[in-house]
Structures are given as structure tokens and as C-alpha cells.
Amino acid sequence: MSTSAVHSLWTTAAEPISKIDTPKIEYGQLSPVLIIVGAAVVGVLIEAAVPRKTRYYAQVFVAVVALVAAFAAVVALAAGGYATTKSGIAAMGAIAVDGPALFLQGTILLAGLVGLFTFAERRLDPEAHGNRVDSFAAQAASVPGSDSEKAAVKAGFTTTEVFPLLMFAVVGMLVFPAANDLLTLFIALEVLSLPLYLMCALARRKRLMSQEAAVKYFLLGAFASAFTLFGIAMLYGYAGSVSYATIAQVVDGTVPDVTPALADTMGNDALLLIGSAMIVMGLLFKVGAVPFHMWTPDVYQGAPTPVTGFMAAATKVAAFGALLRLLYVVLPGLRWDWRPVMWGVAIVTMLGGAIIAITQTDIKRLLAYSSIAHAGFILAGVIATTPDGVSSVLFYLAAYSFVTIGAFAVVTLVRDAGGEATHLSNWAGLGRRSPLVAAVFAVFLLAFAGIPLTSGFAGKFAVFKAAAEGGAAPLVVVGVISSAIAAFFYIRVIVLMFFSEPRPEGPTVAVPSPLTMTAIGVGVAVTLVLGVAPQYFLDLANQASVFVR
């Protein structure tokens, strides 16, 4: 065969391809996410290249700088009008840059920064073999109690990988509430979940309990992710697209060009209803709403307390942001279908969390059930389906996240020979032994209970007001009853701390470094400022309450 023949075969086989469009990425609008991604990658490189002695300082420095820079980027975008007039869809339709996204990203970055301070704390445990130790296992890969673990403790090893893991979790959380198509939503869900599963297993004390918590969280989380993925597949089958805007148009029946194939699936409401239900189920699992809350108490109790605090605050913010966007942007046409279901979920979540919390004897489990009750209160705002509903949820999430991190930071201070003393009996008489710590914890508990002049009251008031105006007055009645039940067990702890005799062999209160002091101080400051003068922040949430579609 001659070369010319080969050549002619070659050219006829290759049809001319129409030009592939180059992707258009708005790097400026995505800068908060990109900064944290960069820091996470640098953190991994630090683990590989920097000597053990200096890793901790390098990691903390990179993480703090990145979180501050990303927050500055969020503020710059909001000041540049991207929260209001210039809000739009970035990254070829994958990410929404609008008010709710920027507000929630700012909250997540600040919660991540405060959480980072508790991660970096190294003064609470007594020094081991002349080395300062933190809350995390000396060597995560070694079997608890084995010789290799003892050798790692003796050598002064620390798991500094928690810092890049924290950054990767924050990346997923930043994308989760801003995702504008279902695939981006799912990828963000996995990116935020996997680092959390790992970090839950890394406690220095009570290693087996910590590993058990991580396995439970991982298995149940994998189930929830699978449901979400099934739901995404069904919605794609229904609408022929994973884009939020297109699905919303198909649900409303306003889609411009209906092909015969789309007309066939559009008539099939089963795909739409089952798919939506499955995705919402995955998100309700993440926020810890009943009946998808089974993982919460065990994981909160078993995970290292700094991880619990960060996870309890930031995951809720990200997941509620994603839930709001899904219900308000994709499924407003299904409001009559999803509202009654959400009513039921909100009622059982508020009552279930509050009632079961009364029976708890461990402070971390008590805070876990309290967080379930709070998920119910926030759902009341979600059900309002008004702009006020969105702004009240944003405000509540911002207020709640700092109280939560502060409360868990206080839990890390009360210690006995076995590490943290989390059993309630150990907290008896704490107000006499260490009045300042007990007073600070009392402030956080009063905020959780929603007592006036705390951020919790302002948040609950905003959410219940929005729900009442949105036609969900009976829900508000249930919410107030649940709040009263919840106030009982918060105030019980305060009474235990201040009006009980301290046990002679009771725990001591460790003196933390400035890092944990800052975390607790920020929590108290936010609690009081948002409680005494919430108006500026309510207005801010109000301006940021319009979704772009």
C-alpha cells in the first residue's frame, strides 16, 4: 500500500471537529475556595518535606494565613456587590456567587479559624517525655496500646496531618452551600465528609472509642451519600440535566425547548418526588435531623473534642446552606409536597433532641442532643419559604456556630487523670473550684437555651418570627415547648456547677494557651454582641438572603 493511500485513509477517517470551547473560570469570584485548596495542598507538601520538629508551626501558620486571606476575599467580594447586584453563576454554571453563599462561606471560614485554635492547643495535657502534646494521637496508624504507639509517644510524634485535613474539610464546606449543580453538590459533600471521618478517629485518649465513632460515622455517612447519589440520578433522569436552574424550569413547566425524550420523563412525577426526597435525606443526615440523627451522639462523644466542636458548627452551616439552596432554587415548584414532610421532620427533631437530652449523663452527648434540637429550630426557618426565612436561618447559623465551638473548647479544659472529664458528675461544684470557667460555660448554655440578651435568643426569635409569618404558627408553638424542655437540662448543668459541693477527688481545670483562650473569648464576645445588639447582623443577613438562579 502506498504512502499516499495510507494518507488518504488517515484524512478521511478524521471528520473535522467543531471547535471545543475553552472553559471560562472566574478566578476572582472563586478566590476564597482556591486559597483554601492551595493551603490544603501546601499542608500535604509540608508533611512530606518539612522536618518533624517544625511541622506543627509551619502547618498552623499556613492554615491561619489561608483562612484569614480567604475571609478577606469573601469580604472583598461582598463589598464588590457580588452578594447583591453582581451576584451570578461562576465556573461554567457549577458555583453560585450570591448573598447566601458568601454569608455562609464567611461564617464557615471564621468557624474554621476559631476551630483551628482549639486544634493547635498543646498545653492541656501534661508533657509526655518532655514533649508538649495535643488532642490527637501520636501516630494514627499504630494500634491503640501497642509498642509502636508507646514508641511514638516517647519520640514526641504528633499527628500534624489534622491541619491539611481541616483545610480540605473547609474546602468542601465552602463549595457545598454554593453548589449550583447536583454533581458539584455531591463532590463537595464527599470532600467535606472524608476528612471528618478521618479526624474523628484521631483522639489521643480513649483511642478505641474514637475509632468506633469514626467507623460509625463513616458507615452511616456512606449510606447517606449513596442515597444522595441515587436521588441525583433520579432528578437527572427526570429533567435531563443536573443544573439547578434547568431542573427548576422543568419542575415549573417553564423549560423553553421540550424534546420528545424530556416530555416522556417530565410526566413521571415519581422520579422527581423520590429523587428529591433522597437528596433531602442526605442533607438532613448531615444536619443531624431526626430520624437521620443516629450517628450524632456517638460521634460527638468519641471524636477528639476540638474536632467535635468544629464539626458541630461548620458542618451544620454548610449543610443548611445546601438544603436552603436546594429547596428554594431547585424545588420551589414542589413546595406543597416538601413542606408537610419538613413540618414533620422539624417537629420530631425539636422534641426528640430536647427530650432525649434530659436523660444524658455525658456532657458531650448532652451537647450532641442539644445540636439535634437546634437543627429542628433552624428547620422552622427553612419551612417559612420567605426571604425572612432565609435571613433568619443565616443569622441563626452564624450565632450558633461560635457558641458551639466555644462550648466544646470549655469542655477540653475540665480534665482528670484519664483526659477530659466529660461525665456530668465531674462538673459538680465547678463554679466553686474555677468560677471563671464555669461562668463562661454558663453563658454558652444560656445562649443554647435562648435566654434574652444572648445570641441564641435573637436567633430563635428571628427563626420563629419568620416561621409564624410564613404560616407555620403551630410549628412555633412546638418550638417554644421544645425550648422550654431544653432550657431545663441546660439550667440543670448550671445548677450542678454552682450549687453542688465539689467532689474531693474531682477534676482539675487546665490552664490553656492563648489559642484556646481566644477561641472561648470569641465565642463569648459573639454570644453577647449578637444578643445585645443583633440588628446590624440581622440586616446583613437580610441583604444576603436572595438566591441567584
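Tutor: Contact here means heavy atoms within 4.5 Å. Helices (H or I, at least four residues) and strands (E, at least two) are DSSP runs, numbered from the N terminus. The model is predicted: local features need pLDDT of at least 70 and side-chain atom pairs count only at pLDDT 80 or more, whereas totals for chains, interfaces and linings use all residues. Residues are numbered from 1 along each chain as its sequence is written, and side-chain values use heavy atoms, with hydrogens and water left out.

Take α8 and α12 to begin with. From α8, Met-209, Ser-210, Ala-213, Lys-216, Tyr-217 and Leu-220 meet Trp-295, Asp-298, Val-299, Gln-301 and Gly-302 of α12. This contact of α8 with α12 has six nonpolar, three polar and two charged residues; Ala, Val, Leu, Ile, Met, Phe, Trp, Tyr, Cys and Pro count as nonpolar, Asp, Glu, Lys and Arg as charged, and the others, Gly among them, as polar. The axis of α8 (residues 207-239) comes within 8 Å of that of α12, and the two cross at roughly 145°. Such axes are lines fitted to C-alpha atoms, for helices over the stretch in contact, and the angles run from 0 to 180 degrees between N-to-C directions. The crossing of α8 past α12 is left-handed, a term used if the near helix is turned anticlockwise from the far one by less than a right angle, with clockwise being right-handed.

The loop between α11 (269-287) and α12 (295-302) holds Pro-291. The peptide bond from Val-290 to Pro-291 is cis, with omega near 5°. Most residues other than glycine have a negative phi, and most peptide bonds are trans.

Helices α6 (residues 162-175) and α7 (residues 182-200) pack at about 155°, with axes 8 Å apart. They are therefore roughly antiparallel to each other; angles under 35 degrees count as roughly parallel, over 145 as roughly antiparallel, 65 to 115 as roughly perpendicular and the rest as oblique. α6 passes α7 in a left-handed crossing. Their contact includes Leu-165, Phe-168 and Gly-172 of α6 and Thr-184, Val-191 and Pro-195 of α7. By class, the residues of the contact of α6 with α7 are 15 nonpolar, two polar and no charged.

Helices α18 (residues 435-449) and α21 (residues 514-532) have axes that come within 10 Å and cross at roughly 45°, so α18 and α21 are oblique to each other. α18 also passes α21 in a left-handed crossing. Val-440, Val-443, Phe-444 and Ala-447 of α18 make the contact with Ile-520, Gly-523, Val-524, Thr-527 and Leu-528 of α21.

Two loop residues have a positive phi. Met-92, in the loop between β1 (88-90) and β2 (95-97), has phi near 55°. Met-92 is exposed, with a relative accessible area of 59%; buried means under 20%, exposed over 50% and partly exposed in between (1.4 Å probe, protein chains only). Thr-385, with a phi of about 50°, lies in the loop between α15 (363-383) and α16 (387-411). Thr-385 is buried, at 15% relative accessible area.

As for strands, an open sheet of three has the order β4-β3-β5 and antiparallel pairing. Its edge strands, β4 (419-420) and β5 (508-509), each pair on one side only. Two strands pair if DSSP finds at least two bridges between them. β3 (residues 414-416) and β5 have two bridges in the antiparallel sense, and Thr-508 in β5 is the bridge partner of Arg-415.
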